[in-house]
Amino acid sequence: MEGLQIMQARDALLLFLRSLPASCTFNIIGFGSHYKALFDSPQPYNDGTLEVASQYAASMNADFGGTEILSPLRDMFSRSPPADVERQVFVLTDGQVSNDSQVFELIHQHCTMKARSCRLFSVGIGQRVSRHLVSGMARAGHGTCRFVEDGAADALRVKVLGQLKQSLQPALDNISIEWKFPKEEKMPSPTSNVAPVKTLLGYRSPQVDAAVSNELHPKLYPSSNPPIFNKEKYLSYAVFPSGAVKPEAV
């Protein structure tokens with residue numbers, strides 16, 4: 001991280017530390033081209049551990065090299081929390097990675113909506129951060145992502161504390177959106193206006209490629225719905241090609 005970004009990362013980490021619930025356990029992992037955990041294992045949140053963690057956050061420097069996030073995540077997920085403990089992961093980064101698909105897959109494996117035992121929230125800091133990485137991690141981890149521009153101290157506080165609040169509250173999971181089409185209308189047949197082709201055996205209707213057939217069906221975005229948190233806006237929409245039947249209700 002560069003000078004301004006490392007300062008914002010310090011501020012964000014200190015905000016998280018000072019706002020954690022008293023009954024939790026926590027740990028901090030610094031990562032770059034290598035990684036290192038502050039504690040050997042998650043520690044109870046008390047005055048002593050808060051002081052140690054605060055000193056660590058205040059003394060953070062941009063001395064971990066480039067961004068390598070897969071290894072620290074894999075190490076963290078390999079250490080399972082107690083059965084009755086929900087794990088909330090917060091990732092702060094200003095970088096980019098070349099193996100983002102592997103990162104997303106790892107997070108998805110350990111943060112499933114069925115288990116509801118883990119969520120991952122991500123914060124992108126600065127102009128150079130990979131928005132694809134930050135948003136993809138949050139999507140795979142069933143959390144939310146936030147982006148903080150250079151020097152936006154007020155926005156940093158609002159976004160960090162807002163995410164922490166979300167992590168401590170339940171969310172709406174397994175959301176489905178049903179598009180209702182008129183019963184008397186059907187999707188137009190892609191072969192209805194196609195002239196038959198003459199062959200040696202007579203006339204037959206030409207075969208239509210499956211990709212062409214699908215052109216008349218609406219495309220839904222996003223393809224899967226994320227969890228929705230309190231006061232979190234969510235937009236889902238469908239793109240209807242010309243000739244497609246429009247829904248009568250959603």
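Which residue in strand 7 is the bridge partner of Ser122? Cys145 is that partner, and the views below show its surroundings. This is a predicted model, in which local features need pLDDT of at least 70, side-chain atom pairs count only at pLDDT 80 or more, and totals for chains, interfaces and linings use all residues. Residues are numbered from 1 along each chain as its sequence is written, and side-chain values use heavy atoms, with hydrogens and water left out.

**View 1. Strand 6 and its partners.** Strand 6 (residues 118-125) pairs in the parallel sense with strand 5 (residues 87-93) over seven bridges and with strand 7 (residues 145-148) over four. Strands here are DSSP E runs of at least two residues, helices are H or I runs of at least four, both numbered from the N terminus, and pairing takes at least two DSSP bridges. Gln88 stands opposite Arg119 of strand 6.

**View 2. The two faces of strand 6.** Cys118, Leu120, Ser122 and Gly124 point one way, while Arg119, Phe121, Val123 and Ile125 point the other way.

View 3. Of its 22 lining residues, the closest to the centre are Arg139, Gly143, Pro226, Pro227 and Tyr234. Helix 5 (residues 131-140) gives the largest share of the lining, four residues.

Note on methods. On a 1 Å grid over the protein atoms alone, a cavity is a set of points where a 1.4 Å probe fits but cannot get out, and a pocket is an open set with protein on both sides within 12 Å along at least five of seven lines; lining residues have an atom within 4 Å of a point. Buried means under 20% relative accessible area, exposed over 50%, partly exposed in between (1.4 Å probe, protein chains only).
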